[in-house]
Amino acid sequence: YVIAANWKIHKRAAEATAYASAFLPAVEDVEGIDIALAPPFTALHELGRAIAGSPVALAAQNVHDESRGAITGEVCADMLAELGCAYGIVGHSERRQLFGESSAFVARKARALFDVGIVPIVCVGETLEEREAGETNGVIETQLRESLAAVAPEESERLVVAYEPVWAIGTGRSATPEIAQAVHAGARVVLRDLVGARADAIRIQYGGSVKPDNAEALLGQPDIDGALVGGAGLEPDSFAAIIHAAARAAAAA
């Protein structure tokens, strides 16, 4: 499994290092789970220093597709690599909805990350209106095909995809394990069409209000290979509980 906490615009640098001090001892005995923390850009440096040498990886919440230029306020992929980022989140529903980012832009961002050795976490997901209209599978397929257009099949096994039902983010609502599994299974079919048998190695995270009390059931599904955690990732004890739930799910698999 790959379990990542997306802090969004929470936590200043000092808070990030305090989090690391509490979190690292709580997960030091966990093996076989890839763990990542995605702080705001301003905390990447300090958090990176705090987790250096630990099994916890650093992740960025966003990136621009250009490597240089007059693009005020943006950060490029090699800047993130310089800070030690192992993962980069692209296509998050908030970026798509609030900033109008297209899947074509997401594809360029994923390409930029791969080019500097950072693993993209490519997010896809449907809104409540799309779900109620029965459009979930079509929306996910279109987003996957367009967002992964620049990923070569031979590098796809390193890719991480995150399915985030937009209607479940920050609402306290979560898809049942069965609903989430059905969407993940459909996404896997699309990925197989894109990259063949390599699709079975692509990890697909679930990202809709994952909490300590539902993480194990979600991760017990055959096509759910991790979690992209929002609110429950802001407290070290809560996120550690999700990591331990992942370890139990892995042991039971």
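**Entry 1**

I started with K11, which sits in the loop between strand 1 and helix 1. I kept in mind that this is a predicted model. The phi of K11 is near 80°, a positive value in a residue other than glycine. I then asked myself: is K11 buried or exposed? Its relative accessibility is 17%, so K11 counts as buried, the cut-off being under 20%.

K8 belongs to the loop between strand 1 (2–6) and helix 1 as well. Its phi is also positive, about 55°, although K8 is not a glycine. With a relative accessible area of 23%, K8 is partly exposed. I put both lysines on my list of backbone angles to look at on screen.

**Entry 2: the largest pocket**

K8 turned up again when I looked up the largest pocket, where K8 is one of the lining residues. I noted a volume of about 370 Å³ for this pocket. Which residues line it? I wrote down N6, K8, I9, P40, F41, Q61, N62, H92, E94, R95, L98 and F99. Sorted by class, that makes five nonpolar, four polar and three charged residues. Helix 4 (residues 93–99) gives the most to the lining, with four residues.

**Entry 3: the buried side of helix 2**

Next I turned to helix 2 (residues 44–51), where I found L44, L47, G48 and I51 buried. Why do I place them on the same side of helix 2? They cover an arc of only 105° around the axis, so they share one side of the helix. A reminder to myself: an α-helix has 3.6 residues a turn, so residues three or four places apart point the same way.

I also checked what covers these buried residues. The cover includes helix 1 (13–27), strand 2 (34–38), strand 3 (56–60), helix 3 (77–82) and strand 4 (85–90). After helix 2 comes G53, and its phi is positive, near 85°.

**Entry 4: salt bridges**

How many salt bridges does the structure hold? I noted 16, and picked a few to follow up.

The pair of R108 and D65 has its closest N and O atoms 2.9 Å apart. This pair links distant parts of the chain: R108 is in helix 5 (residues 103–115), D65 is in the loop between strand 3 and helix 3, and they are 43 residues apart. R108 is partly exposed, with a relative accessible area of 43%, whereas D65 is buried at 17%.

E101 counts as buried because its relative accessibility is 8%.

For D225 and R188, the closest N and O atoms of the salt bridge are 2.7 Å apart. D225 lies in the loop between helix 9 and strand 8 (226–229) and R188 in helix 8 (residues 177–195), so the pair ties together parts that are 37 residues apart in sequence. I found D225 buried, and R188 too.

Going back to R95, I saw that salt bridges with shared partners join R95, E101 and K109 into one network.

**Entry 5: a glycine to finish**

My last stop was G208, found in the loop between strand 7 (203–206) and helix 9 (215–219). G208 counts as buried because its relative accessibility is 0%.

Notes
Residues are numbered from 1 along each chain as its sequence is written. This is a predicted model: local features need pLDDT of at least 70, side-chain atom pairs count only at pLDDT 80 or more; totals for chains, interfaces and linings use all residues. Side-chain values use heavy atoms; hydrogens and water are left out. On a 1 Å grid over the protein atoms alone, a cavity is a set of points where a 1.4 Å probe fits but cannot get out, and a pocket is an open set with protein on both sides within 12 Å along at least five of seven lines; lining residues have an atom within 4 Å of a point. Grid points are joined across faces, edges and corners, and a volume is the space filled by probe spheres set on the points. Helices (H or I, at least four residues) and strands (E, at least two) are DSSP runs, numbered from the N terminus. Ala, Val, Leu, Ile, Met, Phe, Trp, Tyr, Cys and Pro count as nonpolar, Asp, Glu, Lys and Arg as charged, and the others, Gly among them, as polar. Buried means under 20% relative accessible area, exposed over 50%, partly exposed in between (1.4 Å probe, protein chains only). The arc is that of the directions from the helix axis to the C-beta atoms. Contact means heavy atoms within 4.5 Å. A salt bridge is a side-chain nitrogen of Lys or Arg within 4 Å of a carboxyl oxygen of Asp or Glu.
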